[in-house]
Amino acid sequence: EIWDFMGFPVSESNERAVGELIQDRCREGLAELNAAATEAADAEAVASGEDSPSGQRKRAVAAVRRGERIALTANLGWWERDLELLNLKEYYQERRLKDLGLDKEWSEEDIDLQDPGGRQAGSLDW
């Protein structure tokens, strides 16, 4: 049950902090990958078509870096959209109130003084 709980958002501030941290890390990774020397080296390795073991390794590294750029860009976009939709999420407090049936508006008429619920006064149930 705890793992189900951990999969749901706890609070808007928590979700925002996590999203911003992940976005920062994605941007840092992209900055490293998009450094001029790295991009130039990757383009040169792909264009060379060299069949030596060194050339094959360079092309493989270039392909991995390209895949990392794609993954980081996609991840960054996903978190940007997620942060825009924080107001649509149901957080822990709302879920808990709903579970307890306390999420609806109530009035004085909703209070039933004749049937307070729970144990009756003077009942010996032990």
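This is a predicted model: local features need pLDDT of at least 70, side-chain atom pairs count only at pLDDT 80 or more; totals for chains, interfaces and linings use all residues.
Hi everyone, and thanks for coming.

Let's start with the whole chain. Five helices and zero strands are found in the protein chain, and going along the sequence the pattern reads α-α-α-α-α. There are 126 residues, and 17% of them count as buried. The accessible surface comes to about 10,100 Å², with 55% of that belonging to carbon and sulfur atoms. One more number for the overview: among contacts with a separation of 6 or more, 74% are between residues 24 or more positions apart.

Now to the helices, and I'd like to begin with H2. This helix runs over residues 12-33. How far apart are the end C-alpha atoms of H2? They are 31 Å apart, and since 22 residues at 1.5 Å a residue should span 32 Å, the two values agree.

Next, which residues of H2 are buried? They are Glu 15, Gly 19, Gln 23, Cys 26, Gly 29, Leu 30 and Leu 33. If you turn the model and look down the axis of H2, these buried residues fall within an arc of 125°, so they line one face of the helix. An α-helix has 3.6 residues a turn, so residues three or four places apart point the same way. On the face turned away from the buried side of H2, you'll find the exposed residues Ser 13, Ala 31 and Glu 32.

H4 is the other helix I'd like you to look at, covering residues 53-84. With 32 residues, H4 reaches 47 Å from its first C-alpha to its last, close to the 46 Å expected at 1.5 Å a residue. Its buried residues are Gly 55, Ala 62, Arg 69, Leu 76, Gly 77, Trp 79, Asp 82 and Leu 83.

What does Asp 82 touch, leaving aside its neighbours within four places in sequence? Asp 82 is in contact with Glu 15 and Lys 89. Those three residues, Glu 15, Asp 82 and Lys 89, are also linked in a network of salt bridges. Glu 15 is one of the buried residues of H2, and Asp 82 is found in H4, so please have a look at that spot on your screens.

That brings us to the salt bridges in general. How many are there in the whole structure? A search finds eight. One of them sits within H2, where both Arg 25 and Glu 28 lie, three residues apart, about one turn of the helix. Their side chains meet at 3.8 Å, N to O. Glu 28 is partly exposed, at 43% relative accessibility.

Another salt bridge joins Lys 98 and Glu 90, with an N to O distance of 2.7 Å. Here Lys 98 is partly exposed at 46% relative accessibility, and Glu 90 is partly exposed as well, at 31%. Then there is the pair Asp 103 and Lys 104, at 3.4 Å, N to O. Asp 103 is partly exposed at 35%, whereas Lys 104 is exposed, with a relative accessible area of 59%.

Last stop: the surface. Ile 2, Trp 3, Phe 5, Met 6, Val 10 and Tyr 92 form a nonpolar patch, with about 660 Å² of accessible area together. Which helix gives the most to this patch? Helix H1, residues 2-6, does, with four residues. Val 10 comes from the loop between H1 and H2, and is partly exposed with a relative accessible area of 40%.

Phe 5, which lies in H1, is partly exposed at 30%. Leaving aside neighbours within four places in sequence, Phe 5 is in contact with Tyr 92 and Arg 95. Phe 5 and Tyr 92 are 87 residues apart along the chain, and their C-alpha atoms are separated by 8.8 Å.

Notes. Residues are numbered from 1 along each chain as its sequence is written. Side-chain values use heavy atoms; hydrogens and water are left out. A salt bridge is a side-chain nitrogen of Lys or Arg within 4 Å of a carboxyl oxygen of Asp or Glu. Helices (H or I, at least four residues) and strands (E, at least two) are DSSP runs, numbered from the N terminus. Buried means under 20% relative accessible area, exposed over 50%, partly exposed in between (1.4 Å probe, protein chains only). Patches are made of residues with over 30% relative accessible area and no salt bridge: like charges are joined within 9 Å, nonpolar side chains (Val, Leu, Ile, Met, Phe, Trp, Tyr) within 5 Å. Accessible areas come from the Shrake-Rupley method with a 1.4 Å probe; for residues, only the protein chains shown count as cover. The expected span of a helix is 1.5 Å times one less than its number of residues. The arc is that of the directions from the helix axis to the C-beta atoms. Contact means heavy atoms within 4.5 Å.
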